[in-house]
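Please open the model in your viewer and keep the selection tool at hand. The tour moves from the whole chain to single residues.

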Amino acid sequence: MRTNDDKQALWVFGYGSLMWRPGFPFETRVPAKLHGHHRALCVYSILHRGTAENPGLVLGLDHGGDCHGVAFRVPAGAENDTVAYLREREQVTDVYVEAYRRVELRGVPERTVTALTYLADPTHKQYAGTLDLDSQFRIVRACRGQAGANIEYVLNTVAHLEELGVRDPVLHALAERLRRATGDASAD
């Protein structure tokens, strides 16, 4: 159920770096679940975590399944600035489709709200589709962009999923391989 308050509020669903670095003001941060799309390293990054010459991989919401993440409630009056910020951050190359989707908030009480999120565009040239673990490992290990190393992006995502009590089998397997390859003792 939604309250009248929720109908007026802007909610934003984060499933990757937005979970740990939203970059916009929020008054509430709640674990949430989106149905109909799953988190996947399905977008080639030519700016934030890679370059045009050496594209990295970032997360997108790909069709099918479910995705656990975080929903942020934006304070009244900050909606326009938040959407403008997110468009500047997420739509640099238009690889995402801006969409409003229903998400289940895992707070007390549990309820459903409509949240702004960014879906991977499977028709975009940066859409990587489903890559096997070896390909993901090779790309992520080698790439760096304006926002830093691709490895940091994956490991930060996994750490924040663990804080939510969420295990993403593919991302966790990749993180384990990355930690072993870099000699990170936390891989054990």
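What follows is a sequence of selections, each with a note on what is there.

Before selecting anything, note that this is a predicted model, in which local features need pLDDT of at least 70 and side-chain atom pairs count only at pLDDT 80 or more, while totals for chains, interfaces and linings use all residues. Residues are numbered from 1 along each chain as its sequence is written, and side-chain values use heavy atoms, with hydrogens and water left out.

**The whole chain**

Select the protein chain and colour it by secondary structure: there are six helices and seven strands, where helices (H or I, at least four residues) and strands (E, at least two) are DSSP runs numbered from the N terminus. Followed along the sequence, the order of elements is α-β-α-β-β-α-β-β-α-β-β-α-α. The radius of gyration, taken over C-alpha atoms, is 16 Å, close to the 16 Å that the globule rule (2.2 Å times the number of residues to the power 0.38) gives for 188 residues, so the chain is as compact as a globular protein of that length. Along the principal axes, the C-alpha trace spans about 50 × 35 × 30 Å. Of contacts (heavy atoms within 4.5 Å) between residues at least 6 apart in sequence, 73% join residues at least 24 apart.

Next, colour by accessibility: buried residues make up 52% of the 188 residues, with buried meaning under 20% relative accessible area, exposed over 50% and partly exposed in between (1.4 Å probe, protein chains only). A nonpolar core is a set of buried Ala, Val, Leu, Ile, Met, Phe, Trp, Tyr and Cys residues joined through side-chain atoms within 4.5 Å, and the largest one here has 57 residues, with Phe13 and Leu41 having the most contacts inside it. Strand E3 (residues 56-74) supplies the largest share of this core, nine residues. Centre on Leu41, whose contacts beyond four places in sequence include Leu57, Val58 and Leu59, as well as Val140, Tyr153 and Val154.

Now show helix H4 (residues 133-142) and helix H5 (residues 150-163), which pack at an angle of about 115 degrees with their axes 6 Å apart; axes are lines fitted to C-alpha atoms, for helices over the stretch in contact, and angles run from 0 to 180 degrees between N-to-C directions. Ile139, Val140 and Arg141 of H4 meet Asn150, Ile151 and Val154 of H5 in this contact.

**Two loop residues**

Move to Leu47, in the loop between strand E2 (28-45) and E3, which is partly exposed with a relative accessible area of 26%. Leaving aside neighbours within four places in sequence, Leu47 touches Val92, Gly145 and Gln146.

Finish at Asp94, in the loop between helix H3 (79-90) and strand E4 (96-105). Asp94 has a positive phi of about 60 degrees although it is not a glycine, and at 48% relative accessibility Asp94 counts as partly exposed. Most residues other than glycine have a negative phi.
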